[in-house]
Amino acid sequence: MSPKKVAILISGGGSNMVSLAKSMTGDHPGRPCLVLSNVPDAGGLQKAADMGIATEVVDHRDFKGDREAFETKLISVIDAYEPDVIAMAGFMRILTPTFIGHYAGKMLNIHPSLLPKYKGLHTHQRAIEAGDAEAGCSVHEVTAELDGGPILGQARVPILPEDTADDLAARVLVKEHLLYPAVLERFLRGETDMLSL
């Protein structure tokens with residue numbers, strides 16, 4: 001059986017994209033077919049090109065707030081690569097139900113909190129300020145509810161007394177690079193029960 005095609009969407013340096021792409025070798029059920037960014041100078045684009053992965057840019061600023069036109073273009077560029085799965089890896093645009101519906105059941109995202117806690121931004125600072133004993137990251141299916149789809153995997157780290165948000169983010173990122181590839185591989189094999197790391 002030929003490997004399934006995975007399109008990875010990024011907005012920045014692409015560290016999670018790199019960990020996903022590096023995992024997709026050997027008998028892995030997937031292969032990266034595209035890395036797309038909405039930011040023309042996103043550092044992850046060069047990393048993807050260096051790994052031999054096709055890259056595309058759809059700059060959201062070209063659409064002057066017309067989200068529908070932006071997403072129509074996104075879909076046309078992505079669909080040309082015929083991906084089986086879309087992996088959001090730090091893609092910093094909120095997507096409409098139209099876009100999400102187009103890829104229903106085929107989109108994954110990683111979020112830096114133990115969902116359903118701390119949807120949205122500034123997750124590490126919020127966890128520290130709440131006095132939580134632990135933080136972490138979650139991989140979930142993307143639905144129309146922000147950071148709200150079924151959770152496929154979580155990894156936890158302790159919050160230390162002296163932690164800043166940056167300290168915590170760095171420790172969580174190490175776990176992200178382990179969790180996301182593991183969940184993606186299971187998802188491509190049709191396994192959707194929750195993975196805990």
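In this predicted model, Lys5 is partly exposed, with a relative accessible area of 31%. Its side chain forms a salt bridge with Glu82. The closest N and O atoms of Lys5 and Glu82 are 3.8 Å apart. Glu82 counts as exposed, at 56% relative accessibility, because that value is over the 50% cut-off. The pair joins distant parts of the chain. Lys5 belongs to strand β1, whereas Glu82 sits in the loop between α3 and β4. The two residues are 77 positions apart.

In total, nine salt bridges were counted. Side chains of opposite charge can pair when their charged atoms come close. A second example joins Glu134 and Arg156, with an N to O distance of 2.5 Å. Asp163 and Arg171 form another salt bridge, and their closest N and O atoms are 2.8 Å apart. Asp163 is buried at 10% relative accessible area, while Arg171 is partly exposed at 26%. Arg186, Glu191 and Asp193 are linked in a network of salt bridges.

The strands come next. Eight of them form an open sheet, in the order β3-β2-β1-β4-β5-β6-β7-β8. The pairing within this sheet is mixed. Strands β3 and β8 (195-196) stand at the edges. Each edge strand has a single partner, so one of its sides is left without a neighbour in the sheet. Strands of a sheet pair through backbone hydrogen bonds, either parallel or antiparallel. Both arrangements can be followed around β7. Strand β6 (residues 134-141) and strand β7 (residues 151-158) run antiparallel and are joined by seven bridges. Within this pair, Cys137 stands opposite Ala155 of β7. Two helices pack on the sheet. Helix α1 (residues 15-23) touches β1 (4-10), β2 (30-37), β4 (85-88) and β5 (107-111). The direction of α1 makes about 165° with that of β1. Helix α2 (residues 43-50) touches β1, β2 and β3. Its direction makes about 155° with that of β3. On the other pairing of β7, two bridges join this strand to β8, and the two run parallel. Gln154 stands opposite Ser196 in β8.

The cysteines were also examined. A disulfide is a covalent bond between the sulfur atoms of two cysteines. The count of disulfides in the model is zero. Cys137, placed opposite Ala155, is buried at 0% relative accessibility. Cys33 is buried as well, at 13% relative accessibility, because buried means under 20%.

Two loop residues were then considered in detail. Asn38 is found in the loop between β2 and α2. This residue is buried, with a relative accessible area of 2%. Its side chain makes a polar contact with the side chain of Ser11, at 2.5 Å. A further polar contact, at 2.9 Å, links the side chain of Asn38 to the side chain of His60. With neighbours within four places in sequence left aside, the contacts of Asn38 are Ile10, Ser11, Val58, Asp59, His60, Phe70, Phe91 and Arg93.

Phe63 occupies the loop between β3 (55-57) and α3 (67-79). Phe63 is partly exposed, at 21% relative accessible area, because this value lies between the 20% and 50% cut-offs. Not counting residues up to four places away in sequence, Phe63 touches Val58, Ala69, Phe70 and Lys73. Phe63 and Lys73 are ten residues apart in sequence. Their C-alpha atoms are 9.7 Å apart in space. Val58 and Phe70 are among the contacts of Phe63, and both are also in contact with Asn38.

Note on methods
Residues are numbered from 1 along each chain as its sequence is written. This is a predicted model: local features need pLDDT of at least 70, side-chain atom pairs count only at pLDDT 80 or more; totals for chains, interfaces and linings use all residues. Side-chain values use heavy atoms; hydrogens and water are left out. Helices (H or I, at least four residues) and strands (E, at least two) are DSSP runs, numbered from the N terminus. Buried means under 20% relative accessible area, exposed over 50%, partly exposed in between (1.4 Å probe, protein chains only). Contact means heavy atoms within 4.5 Å. Two strands pair if DSSP finds at least two bridges between them. Axes are lines fitted to C-alpha atoms, for helices over the stretch in contact, and angles run from 0 to 180 degrees between N-to-C directions. A disulfide is a pair of cysteine sulfur atoms within 2.5 Å. A salt bridge is a side-chain nitrogen of Lys or Arg within 4 Å of a carboxyl oxygen of Asp or Glu. A polar contact is a pair of N or O atoms within 3.5 Å; within protein, one must be able to donate a hydrogen and the other to accept it, and residues adjacent in sequence count only if both atoms are side-chain atoms.
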